[in-house]
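My notes follow in the order I looked.

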Amino acid sequence: MFSVLVVTYNTDLKKLLITLKSILLQNHKSIQIVVSDDGSKENHFEQVRDFFKQYNFTEYELVGHENNQGTVRNILSGLEAVKGKYVKIISGGDALYDENSVSKISSFMDKTKAEGCFGLLQGYQITEDGTIKKTNFNSPFDIEAYRNNDNKKIEKNLVLYSDNTCGAAICYEREYCREYLSRISEYVKYEEDIFQVLSAVEGRRLQFLDEYIIWYEKGEGVSTKKHSKFQELLREDVDRFYDRLCEDFSDNKFVKKRKRVKALYKINNVYIRTLLRFFVNPDAIRYLVSHYIQSATGKHHSKCESKGFLDTKEFWKGLC
């Protein structure tokens, strides 16, 4: 069985149904859906049950909370209901790319024996007139390090430059996910995907599935929505995480360098922060130039671009 854990908090119902429909249309033989809501004013569980009934789908669990507890603990609660060996965590508004997404992920993880993997993201936005506008979303910035299986560069990029893979693109082995989220839950509340940094320092990293697996609603999530009140909360999570990392892995050469520049990350002005980082760590120039080259040359796009769910009129029937 493959499980999809949908995490929600005050999620718009229409966006949630986009996510759920993309899961229900998968061709994988055995799928479980867990919806874990983090204390929303309206969790939409009644409408979700009705939606599942339309598809005669019964392999689901709805996990509710009276109070908001933060993304990390919300996911951990949802994981208690997860039955599958692998779990794909997804937020309302994001969608699996096409009907083959789960099958591709599951087969890839079986073949590579991966504890975690990630694929390519197709960013999108819904315009005011209801049309779909595709957008670029480069995650991680240095994606070639994963294509080249350069473990040291991956670790370096994660620790020194916070070049995290977007959580929307990642799938985990269930117990691996539970292990690391439990470990960071005492000091990280919202930035759940940051545990990949800790994992990499310990010699465990994500494998790369070089195909589109997710439609990512760019600009609406807490990590991409500009001027969101959550931005400060996320920054606090990151500060606490790296404080702990510097304590626990003080002998790691990349962690030592991160400790030297840690104070610079608290500077709000991105230009001043970047210039100072270049001065303290000139290698950051190489990293930034590499990112722009990869972005300009389309390294974050699949060589075999096929139509996904959001490209087709059929998918939108019953959702508008």
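**Entry 1. Salt bridges.** I count a salt bridge when a side-chain nitrogen of Lys or Arg lies within 4 Å of a carboxyl oxygen of Asp or Glu. I keep in mind that this is a predicted model. By this rule I get 20 salt bridges.

I looked at Arg-147 and Asp-210 to start. Their side chains meet in a salt bridge, 2.8 Å from N to O. Arg-147 lies in helix H5 and Asp-210 in strand S9, so the pair ties together parts that are 63 residues apart in sequence. I checked the cover on each partner. Arg-147 is partly exposed at 26% relative accessibility. Asp-210 is partly exposed at 30%.

Next I took Lys-104. Lys-104 forms a salt bridge with Glu-211, with the closest N and O atoms 2.9 Å apart. Lys-104 sits in helix H4 (residues 101–112) and Glu-211 in strand S9, so this pair ties together parts that are 107 residues apart in sequence. Lys-104 counts as partly exposed at 25% relative accessibility. Glu-211 counts as partly exposed at 31%.

Glu-232 and Arg-235 form a salt bridge at 2.8 Å, N to O. Both lie in helix H9 (residues 230–248), three residues apart, about one turn of the helix. Glu-232 is partly exposed at 38% relative accessibility, and Arg-235 is partly exposed at 39%.

I also noted a network of salt bridges. It links Glu-115, Glu-179, Arg-183, Glu-202 and Arg-204.

**Entry 2. A charge without a partner.** Which side chain of opposite charge is nearest to Asp-94, and how far away is it? I found Lys-88, at 7.2 Å. Asp-94 is buried yet has no salt bridge. Asp-94 is in the loop between strand S4 (86–91) and strand S5 (95–96). I listed its contacts, leaving out residues up to four places away in sequence. Asp-94 touches Thr-19, Ala-168, Trp-215, Tyr-216 and Glu-217.

**Entry 3. The core.** Nonpolar side chains tend to be buried together in soluble globular proteins. I went to the largest nonpolar core here, which has 90 residues. Which members touch the most other members? I get Leu-20, Ile-33 and Phe-241. Strand S9 (residues 207–217) gives the largest share of this core, seven residues.

Beyond its neighbours within four places in sequence, Ile-33 contacts Leu-20, among others. Its other contacts include Val-4, Val-6, Ile-23, Leu-24, Phe-52 and Phe-57. Glu-59, Tyr-60 and Glu-61 are also in contact with Ile-33.

Entry 4. Is Pro-140 buried or exposed? Pro-140 has a relative accessible area of 1%, and the cut-off for buried is under 20%, so Pro-140 is buried. Pro-140 lies in the loop between strand S7 (132–135) and helix H5 (144–147). Not counting residues up to four places away in sequence, Pro-140 touches Phe-118, Tyr-146, Asp-163, Asn-164, Thr-165 and His-300. I also took one distance.

**Entry 5. A nonpolar patch.** Ile-285, Val-289 and Ile-293 make a nonpolar surface patch of about 260 Å². I placed Ile-293 in helix H12 (residues 283–296).

How values were computed:
Residues numbered from 1 in each chain as written. Predicted model: local features only at pLDDT ≥ 70, side-chain atom pairs only at ≥ 80, totals over all residues. Heavy atoms only, no water. Patch = residues over 30% accessible without salt bridge, like charges linked within 9 Å, V, L, I, M, F, W, Y side chains within 5 Å. Areas by Shrake-Rupley, 256 points an atom, 1.4 Å probe, with all protein chains shown as cover. Helix = DSSP H or I, 4+ residues; strand = E, 2+ residues; numbered from the N terminus. Buried < 20%, exposed > 50% of the residue type's maximum accessible area, 1.4 Å probe, protein only. Lys, Arg positive; Asp, Glu negative; His and termini not counted. Contact = heavy atoms within 4.5 Å. Core = buried A, V, L, I, M, F, W, Y, C linked by side-chain atoms within 4.5 Å.
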